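The sequence and structure come first.

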Amino acid sequence: MVPPKKQLLLAEDDELLASLLNFRLKKAGYEVLLASDGQEVKELLKKQIPDIIVSDIMMPYFSGIELIDFVRNDLKSQVPVIIISSAGNEQNVLSAFELGANDFISKPVSPSELLVRVGRELNKN
Amino acid sequence: MQAAIVPRYILNASPFYLEMTGYLTVGFALIAILLLFIVFQNRRSHSRKTKDTAARKKTLAPMVSTFLFYENEGSKEDNVEYVEMKIGIREMLKDKGNRVVLAEILMDLQKDISGDAQERLLALYTDLELHFDAFNKLSSWRWEIISQGILELSRMKVDKAYTFIRPFVNDRRSVIRKQAQIATVSLRKEGINYFLDTAKYAISEWQQLKLLDIIREKEDFTPPKFRLWLTSRNTDVVLFALRLVRFYKQTDANNALLRLLRHKNDQIKLEALECIKEFCVLESLEVLKEIYPDNKAEIKRTILDTIGFLGSEDEIPFLEKVIFEEKDFMVRSKAISSLNEIRPDSVLPEDHLKKPANEDLTVETETPEEIDDQVLVEIEEPGIELDTVEDSITEDHLEEEAVAEEPVLEMPVEIPIEAEEDLEIFDICLRESLDELILEARESEGLMNPRGILSLDFLPFISEEESSEQQNPDLSADEFEAIMHMETVYEILESQQADTSAEELEDIPLDTLLEPHGIALEDNRDHEAADVAEAPGKGVEEPGMVIDFSPEPAFHQSIFSELFLRCDMDSKLMLLDEMLAVGDEKELEYLDFLIAEEKGPLREKAIAVRKKLADLLESFPILAQDPEAIGENEVDESSFGDEKYEDAISAGGFLELNFEPGASAPGCNENAKEESADTVAGSIFNCLMKMMK
């Protein structure tokens with residue numbers, strides 16, 4: 001019996017990067033839910049909680065930090081969250097970790113590295 | 001009816017053509033409509049283009065993803081799909097629009113992804129021959145197109161483009177020039193050499209920073225010897241080369257750096273100075289001193305800073321000269337800080353300091369005679385507290401003196417710094433001595449007799465508890481061991497002192513001379529005072545404890561022995577005068593020593609003083625050895641004069657502190673004691689004032 005695919009929510013406002021990562025993650029065997037802004041992420045999360053969330057820190061309407069706060073404090077969920085942040089944005093990364101982010105990866109993103117980090121977070125649970 | 005008066009200028013006005021207004025209105029309306037149409041058309045075209053681009057991107061982006069993450073190990077269907085897609089994309093790229101969009105996609109992704117995916121992306125860019133479009137852009141006549149082409153080629157790391165971009169390094173259009181410089185340096189390692197060799201135009205600070213950033217992030221980059229460009233005729237190249245020399249810490253450019261200190265350009269001088277400071281080029285010190293006068297204030301400050309950092313004691317005369325001669329206060333201030341850096345605390349802050357409250361006794365402000373008079377008057381007047389001594393040396397004097405003593409930074413030129421420090425140390429010691437005297441006088445207010453005369457019974461005195469504690473026959477073995485150890489320390493100190501030469505003694509601070517040098521267990525048989533304090537029945541075996549505060553055991557009883565150590569000849573002669581006023585048998589001993597050791601006028605004066613003092617002591621015999629007299633005296637005139645003291649005497653075993661000049665000599669009558677008190681207080685002040693003077 002084939003094990004069910006892990007569901008991954010990818011929140012990224014850059015369409016090209018989102019498309020590229022989506023392609024790579026799907027190729028790696030994940031079921032990817034794609035969201036291009038914070039509002040969309042919130043609606044998706046109200047419907048269902050994925051196995052892992054990969055979110056850009058800077059998004060329209062609803063930033064990555066607010067997303068973590070929402071997940072941890074409003075939804076009371078301990079789903080792993082990986083933050084994508086541009087280099088030199090250490091303060092935001094620290095805030096994200098304080099609010100409960102599990103890991104972060106800096107831009108420019110290496111798709112291979114992202115896969116490793118996603119796999120590691122999922123294996124922790 | 002009366003006709004209305006019409007002004008002449010209305011009658012003479014030219015006729016108004018109403019039709020003309022209509023034509024103008026129509027004309028402007030048409031122009032407005034035309035403009036609106038053009039704007040509308042532009043927006044429509046732009047949005048259509050955006051939509052078209054978005055649609056093309058939607059089609060092309062997944063294809064790019066497929067190309068980037070294609071692996072040969074996939075299934076057969078995947079491989080077939082990949083080949084078909086490759087054929088399809090080549091067909092699509094025949095359309096120029098698709099080529100532009102694809103180049104945009106790859107440019108966008110290039111900055112968002114890293115690692116293996118980025119390398120594949122760059123390879124895809126050249127595989128699809130998109131770089132030819134960029135090359136075509138380089139031949140455009142429009143600067144923005146050329147710039148765009150250079151940017152694209154440098155971002156997509158097209159190595160072949162290096163030779164095509166290189167000529168633009170000295171383009172007269174600054175945007176193209178700057179883009180080409182960045183591309184040249186980033187595309188190949190030798191790009192920086194070419195750029196520094198050929199740069200004709202100015203290189204902005206921002207551009208230098210960007211270039212440095214590119215070089216710094218280059219992998220496996222071996223920096224060339226940047227000193228080779230310190231001879232460039234382009235001052236910006238020299239400046240940039242200096243910064244690179246400093247960044248890569250290339251210390252082989254010292255000679256060139258020394259030459260550049262004489263450059264006409266101040267920025268180059270500053271940068272050269274920074275390098276010299278960082279590389280600690282000690283040979284530069286002479287050049288720095290030589291070029292110093294010909295420079296502006298900012299350069300002078302940097303030179304002084306460098307001298308302070310690199311210099312040694314040899315540079316102090318130069319710095320002192322600068323402090324003395326320089327008019328610019330910032331430069332002078334830098335010279336002082338450099339001087340302090342070479343020799344710390346050479347110049348201490350003196351401006352804008354508040355006078356501490358306890359500096360009321362700034363004795364320098366008054367002549368010794370004035371203070372003497374004041375002290376004597378205050379003491380003679382009954383019921384007046386000794387505080388008035390402090391108050392009488394008033395703020396008026398201090399203020400006047402503060403004005404007179406306004407810090408003068410030129411001081412180091414007039415007075416040697418070491419001598420000034422000695423004076424300061426002596427001043428502090430003197431003040432402490434005075435404070436102690438006054439403090440003791442205050443504490444002994446209770447000891448003052450009804451006439452307000454300062455009793456000398458406040459002088460060190462051991463209570464019964466302490467003495468009995470010291471004499472405790474049940475003293476443990478450890479305690480005896482500790483005491484014996486203390487004696488050993490004393491001996492060591494004494495032996496060290498014996499080895500000390502007269503010059504070394506001069507260097508001993510006064511404080512240390514006044515400190516106890518050890519605690520010794522002294523045989524009672526050797527000391528009369530101990531005999532007095534000896535408890536009956538305890539026997540001579542039990543030693544009395546003597547804390548010796550004297551610097552030399554031979555003259556530990558005379559206070560003058562300490563003062564003589566630090567005096568010049570005049571002061572010694574003056575001290576001899578005072579010895580007559582306050583001296584007793586201890587001073588006789590000390591005078592004997594002086595007569596034996598000294599020569600010349602000091603010896604003659606010592607002989608005369610000894611004779612007079614001996615006569616004086618004969619006419620006023622001191623009954624120091626009568627314990628009963630002590631007891632009576634204390635009971636009568638001091639707050640310590642209670643039964644405890646008598647018990648202490650009868651119990652024996654004194655802890656004797658023998659740094660007193662014997663002013664508390666028991667048995668003196670009241671008049672003699674009054675006189676003695678006045679004289680002692682006045683004389684000590686007098687002595688100290690004269691010493692200070």
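## A salt bridge between strand and helix

Arg120(A) is partly exposed, because its relative accessibility is 44%. The model is predicted. Asp103(A), at 6% relative accessibility, falls in the buried class. These two residues, Asp103(A) and Arg120(A), form a salt bridge in which the closest N and O atoms are 2.9 Å apart.

Side chains of opposite charge can pair when their charged atoms come close. Over all chains the count is 38 salt bridges.

## Salt bridges in chain B

Arg216(B) and Asp213(B) form a salt bridge, with 2.7 Å between the closest N and O atoms. Both residues sit in helix H11 (residues 205–217) of chain B; they are three residues apart, so about one helical turn separates them. Arg216(B) is partly exposed at 49% relative accessibility, and Asp213(B) is partly exposed at 32%. A network of salt bridges with shared partners joins Glu205(B), Arg243(B), Arg246(B), Lys249(B), Glu271(B), Glu274(B) and Glu278(B).

Glu190(B) forms a salt bridge with Arg188(B), and here the closest N and O atoms are 3.8 Å apart. Glu190(B) has a relative accessible area of 40% and is partly exposed; Arg188(B), with 23%, is partly exposed as well.

## The sheet in chain A

In chain A, five strands make up an open sheet with parallel pairing, in the order E2-E1-E3-E4-E5. Strand E2 (31–35) and E5 of chain A are at the edges; each has a single partner strand, so one side of each has no neighbour in the sheet. From one strand to the next, the twist averages 20°.

Within this sheet, strand E3 (residues 52–56) of chain A pairs with strand E4 (residues 81–86) of chain A in the parallel sense, over four bridges. Ile53(A) has Val81(A) as its bridge partner in E4(A).

## Helices on the sheet

Helix H2 (residues 38–47) of chain A packs on the sheet and touches strand E1 (7–11), E2 and E3 of chain A. The direction of H2 makes about 135° with that of E2(A).

H5(A) also packs on the sheet, where it touches E1, E3, E4 and E5 of chain A. The direction of H5(A) makes about 175° with that of E5(A).

Notes. Residues numbered from 1 in each chain as written. Chains lettered and ligands numbered in written order. Predicted model: local features only at pLDDT ≥ 70, side-chain atom pairs only at ≥ 80, totals over all residues. Heavy atoms only, no water. Salt bridge = Lys/Arg side-chain N within 4 Å of Asp/Glu carboxyl O. Buried < 20%, exposed > 50% of the residue type's maximum accessible area, 1.4 Å probe, protein only. Helix = DSSP H or I, 4+ residues; strand = E, 2+ residues; numbered from the N terminus. Pairing = 2+ DSSP bridges. Axes fitted to C-alpha atoms, helices over the stretch in contact; angles between N-to-C directions. Contact = heavy atoms within 4.5 Å.
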